Amino acid sequence: MDDAAPRLRNDTDFRWPEQGLQVIPDWIYTSEEILNRERERIFKGHVWNFVGLEAEIPKAGDFKRSHIGDIGVIVSRAEDGSIHVFENRCAHRGAEICRRHNGSNAEFVCPYHQWTYGLDGSLKAVPFRRGVGKKGGMPGDFKMEEHGLTRLSVTTHRGVIFASYASDMESIPEYLGAEVLKDFEATFDGRKLKILGYYRNLIPGNWKMYHENLKDPYHATLLHSYLVVFNLMVAGQKSTMTVDPTGRHGSMGSAKGDQVDETDTSQMRAYRSDMRLRDPRIVDFVKEFDSPWSVTMLTIWPNMIVQRELNTLGTRQIVPRGPNEFELNWTMFGYEGDDEAMTRHRLRQGNLMGPSGFLGLEDNEAIKFVQDGLRHSTPEHGTLALGGTEEGTTQHLITEAAIRSMYRHYRGVMEL
Amino acid sequence: MGTTELRGEIEDFNYAYADALDCGRLTEWPTYFTEDGFYCIRSRENADAGLPVGLVYCEGMAMLLDRIDALIHTAMFEPRYYRHMISNTRVLGVEGGVIRSESNYMLLETLIDQNTKILQAGKYVDEFVKVDGKLKLKSRDCIYDSLIVQTALIYPV
């Protein structure tokens, strides 16, 4: 810190350091006040939040418990097939109505006083509304239509459901921008999805770090020795870090090569020519996508990751739990036409990702280490100088350009 | 052999299995399985819904060995201790040389700067066979109740 007087922890003025996007101040990761502003300006702001997949609620009456930021919502399919998203909070006393991850019902009934809502979130019944024996009950001017659950705007694209507190949202193609949309549609290519299962994970770090990690191609070959040791990623491999025009979304892509360039790869400390997988099926790639990339990791602002790691596919929803922790809800899927061999291939390859995955466990550990470092040290700021001041899309790995792009957008929305 | 004796044998097997993991003898872990052994750690949520995704999903000895190799030689994670408590073992049936059984487990994790926590409460759903007179796992499905995995589950359960 340049200032002469050291600042006390929590005694922050929330002024971004003068070095601009070359640094990130600790307080954006540790402050409750910043998280509150993020809830209002980002999650409840002009964004599309990912809330689920249509394949999870195929029939009328099906529902899924989901989140927008840290706000609980229900995603519900009504009788006419339409999808509705509303807050999981009874209009009466605020109780969470839905306490199951998913299910099916004809209506939503709050267990506390049995206020009853339709599949679209509208209030249908209030017990003893007129009181008993002309005593008690709701006032005469109580209007049912004014006491439904808080409803959000909803859209879907290729079977993916998004919701927003804003009522003037653009379409998903416009929201993502042409390049990120292309990678999105390579995974959601029109085939019907088949849900294979869920992971739920609590990571002791700030939610934004998860975006950063997947906009940081620098870490891939350094943290993840597995990629290098088992030849999944080699130096000089064809790759991209695509950023949408607004800076908020990204797509980290790479193409699996067959050749090891021993000269460059030997710079990676982990490289060992003596280690081989006994069962290399885990890194096999079955070509099934219209894309030059065998791997793409999409970071869709503010709460969605789309994983296409060879043939293991999934969405991840980011749910902040205070500034120092977030929940990650994974939905793994294949396609309806998959035969048993393909499903098993996806399941075997799933060992790469998730909280026990060879790559996934390391990301979680690294994020925890960063959060611990920020919390247990003198408040400072991290350096973000890789690749100089470049921002936007790059075709090389040794850069933090996409993270700078994200924070340029973030600072604008947050007025920081 | 009666189921009481068989249960005793499975309990001895599980205690040795747990000791190998709790003491960090990771390379010993695959030796508890048959050549075609299957191993999966799956949430109760997925199991109840008939969904196959596991945190870990190993088909056969080569995958079991690869997992241990990766943990020892490539994976980055902070040091920790595991401690298994295994109980309520029941033999469900014996058919065609395959012994079906279930046991409850509790997995405690201790990081060097935190109190011990329960990482998983769950159930082993097992199929054993005898190879040269010794029990081997033909299949172990670890079905965990603790749906929210705290940070990462590193070692086998």
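Visitor: How much of chain A is buried?
Guide: Of the 416 residues in chain A, 44% are buried. Buried means that 20 or more other C-beta atoms, placed from the backbone, lie within 10 Å of the residue's own; 12 or fewer is exposed, and in between is partly exposed.

Visitor: What sort of model is this?
Guide: This is a predicted model, where local features need pLDDT of at least 70 and side-chain atom pairs count only at pLDDT 80 or more, while totals for chains, interfaces and linings use all residues. Residues are numbered from 1 along each chain as its sequence is written, and chains are lettered from A and ligands numbered from 1 in the order in which they are written.

Visitor: How many helices and strands does chain A have?
Guide: Chain A has 11 helices and 19 strands. These are DSSP runs numbered from the N terminus: helices are H or I with at least four residues, strands are E with at least two.

Visitor: Why call chain A compact?
Guide: Its radius of gyration is 23 Å, close to the 22 Å from the globule rule for 416 residues, so chain A is as compact as a globular protein of that length. The radius is taken over C-alpha atoms, and the rule is 2.2 Å times the number of residues to the power 0.38. Along its principal axes, the C-alpha trace of chain A spans about 90 × 65 × 35 Å.

Visitor: What about the largest nonpolar core?
Guide: That core has 132 residues, and V51(A), V73(A) and V75(A) have the most contacts inside it. Helix α11 (residues 401-414) of chain A gives the most to this core, 6 residues. A nonpolar core is a set of buried Ala, Val, Leu, Ile, Met, Phe, Trp, Tyr and Cys residues joined through C-beta atoms within 7 Å.

Visitor: Which residues does V75(A) touch?
Guide: Leaving out residues up to four places away in sequence, V75(A) touches several, including V51(A), F63(A) and I161(A). Contact means that C-beta atoms, placed from the backbone, lie within 7 Å.

Visitor: New topic. Is H211(A) buried or exposed?
Guide: H211(A) counts as buried because it has 26 C-beta neighbours inside 10 Å. H211(A) sits in helix α5 (residues 207-213) of chain A. Beyond four places in sequence, H211(A) is in contact with T299(A) and M406(A).

Visitor: How is chain A split into domains?
Guide: The assignment gives domain 1 (50-155) and domain 2 (177-414); such bounds come from an automatic or database domain assignment. The contact takes 7 residues from domain 1 and 14 residues from domain 2 of chain A. Taken over C-alpha atoms, the centres of domain 1 and domain 2 of chain A are 36 Å apart.

Visitor: How many residues are in the contact of chain A and chain B?
Guide: The contact takes 34 residues from chain A and 31 residues from chain B. On the side of chain A that touches chain B, β12(A) gives the most, with 9 residues.

Visitor: Which strand of chain B is joined to β12(A)?
Guide: Strand β7 (residues 148-150) of chain B is joined to β12(A) by 3 bridges, and the two run parallel. Strands pair if DSSP finds at least two bridges between them. The bridge partner of L202(A) in β7(B) is Q150(B).

Visitor: Which residue stands opposite R42(B)?
Guide: I143(B) in β6(B) stands opposite R42(B). Strand β1 (residues 33-43) and strand β6 (residues 134-144) of chain B pair in the parallel sense over 7 bridges.

Definitions and conventions. Contact = placed C-beta atoms within 7 Å.
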